[in-house]
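A short report on both follows it.

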Amino acid sequence: MAEAKVKAPRGTFDVLGEESSRRSALEARARSILEGAGYERIETPVFEATELFARGVGESTDIVRKEMFTLEDQAGRSLTLRPEGTAPVCRAYVEHGMHKRRQPVKLWYLSCFFRRERAQAGRYRQFWQVGAEAIGSEDPAVDAEAISLLATLLAELDVRDLRLRLSSLGSLASRREYRERLQAYLHANEASLSEDVRSRIELNPLRAFDSDHPGTQSVMRGAPLLREHLSQDDAEHFAHVCELLDVAGVAYELDPTLVRGLDYYTRTVFEFTSDALGAQSGVGGGGRYDGLVEQLGGPAAPGMGWAAGIERIMLAGDGLGAGRGGGAHAPKPLELFVALDGPREELRGAAFGLVGQARSAGLTAQLDLAGRSLKGQLGHADALGARFVAIVGDARTVLKDMQGGGQQELATNTVVHQVLRAHHAI
Ligand code: AMP
């Protein structure tokens, strides 16, 4: 009796074939843009102490309240599959004493993240993000540079119908003051608010700007804006960020209602959306998090970063097809296919050795792994687009040029030399 098939869990997916080469192309573009700007790749563990996210991302956020995959180890320690990348990178910054390096320390990642979301198109439970973090400087040039690097990446990948919204949340102090005013305003209008917003007035009043509830939206149109509460310093910082983006030619819209779903942001926040994406329009975003490193037990080190969703970029981006970014990353063409002409048991060793030699010499090489007849092997080599086929026989080997059409008989141990010569002659 056939067993029932085991399927991938809801909200997860396999990456195969064409999709896989488009991803490699994206990774290559990200690497070249970010490493070119001095960002170093970082890998952090897939799971972390739950406390890192509770403290770092914030107890009031949707991520921490409902979206974390949390498990316990044998000793009863609570672990969580990382839902985002900034808190882990800041943890690593503190743990490795990176404040002693030249500042800012610039790190980038391309990793998978996990959120217990209601799965739908563009929203998964395991998804991938490319992200960049610059920790240790509050210079507005850090903000503008980070934003323009993401703008460049998205432009190079031809992400369609892109908009950049930008705002400043101010420092923690001015935000606290503003928060109180907003809470008072929300309480005064409580009757018109959604249940969800009402329940979070104390915990996270700013999220009210994000609501899609009509009554809440109408209340929020008259709400006090954070922009009017920025300190002189914060306002100047933001003005510099805007000026530098103008210099870089990055177009943006100022949006004082921009709220991000994570608690750690201060000052600059931004989000790229693509109208090509429908409901899940967020492509990537981020901002400054000047208090986070300290909150995680580190020194006072301001930071700025962003993350962009790989699946969303792929959905809205045209620039990853074969022949474009993808072409650069398409598998290398097959230079040598090694076929066996005669009893497999006797010739397998010689064929295997020849493939090894070819690979050591830098050629792409494959051999028959399925016990095909000679005719079958030649058909297979043809289907793989092999440039040369070496047919290994008892004493000698026949080397066939699949493009030029010629063939010659030669000693097996000279085949690689011959293929390399033909290569250089091309
Ligand atoms: P966030 O960390 O929530 O600011 O998300 C940054 C970006 O990651 C978003 O703009 C999306 O492109 C992507 N993203 C976030 N959550 C998901 C998800 N569940 N599935 C796919 N992409 C996501």
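The report covers the model, its salt bridges, a charged surface patch and its cysteines.

## Basis of the model

This is a predicted model, in which local features need pLDDT of at least 70 and side-chain atom pairs count only at pLDDT 80 or more, while totals for chains, interfaces and linings use all residues. Residues are numbered from 1 along each chain as its sequence is written, and side-chain values use heavy atoms, with hydrogens and water left out.

## Salt bridges

Side chains of opposite charge can pair when their charged atoms come close. With a salt bridge taken as a side-chain nitrogen of Lys or Arg within 4 Å of a carboxyl oxygen of Asp or Glu, the count is 28 salt bridges. One of them joins glutamate 40 and arginine 101, at 3.5 Å from N to O. Because glutamate 40 lies in strand β1 (residues 40-41) and arginine 101 in the loop between α4 (86-95) and β5 (105-114), this pair ties together parts that are 61 residues apart in sequence. Helices (H or I, at least four residues) and strands (E, at least two) are DSSP runs, numbered from the N terminus.

Glutamate 40 is partly exposed, at 42% relative accessible area, and arginine 101 is partly exposed at 39%. Here buried means under 20% relative accessible area, exposed over 50%, and partly exposed in between (1.4 Å probe, protein chains only). Aspartate 368 and arginine 372 form another salt bridge, at 2.8 Å from N to O. Aspartate 368 is buried, at 3%, whereas arginine 372 is partly exposed, at 30%.

## A salt-bridge network

Salt bridges link Glu27, Arg31, Glu35, Arg41 and Glu43 in a network. Arginine 41 is partly exposed, with 24% relative accessible area, and glutamate 43 is exposed, with 55%.

## Negative patch

Asp341, Glu345, Glu346 and Asp394 form a negative surface patch (residues with over 30% relative accessible area and no salt bridge, like charges being joined within 9 Å). Aspartate 394 sits in the loop between β14 (388-392) and β15 (397-401) and is exposed, at 68% relative accessibility.

## Cysteines

A disulfide is a covalent bond between the sulfur atoms of two cysteines. Counted as a pair of cysteine sulfur atoms within 2.5 Å, disulfides number 0. The sulfur of cysteine 112 has its closest cysteine sulfur in cysteine 90, 19 Å away, which is too far for a bond. Cysteine 112 is buried, at 10% relative accessibility. Cysteine 242 is buried, at 10%.

Notes
Patches are made of residues with over 30% relative accessible area and no salt bridge: like charges are joined within 9 Å, nonpolar side chains (Val, Leu, Ile, Met, Phe, Trp, Tyr) within 5 Å. Accessible areas come from the Shrake-Rupley method with a 1.4 Å probe; for residues, only the protein chains shown count as cover. Lys and Arg count as positive and Asp and Glu as negative; His and the chain ends are not counted. The place of a charge is taken as NZ of Lys, CZ of Arg, CG of Asp or CD of Glu.
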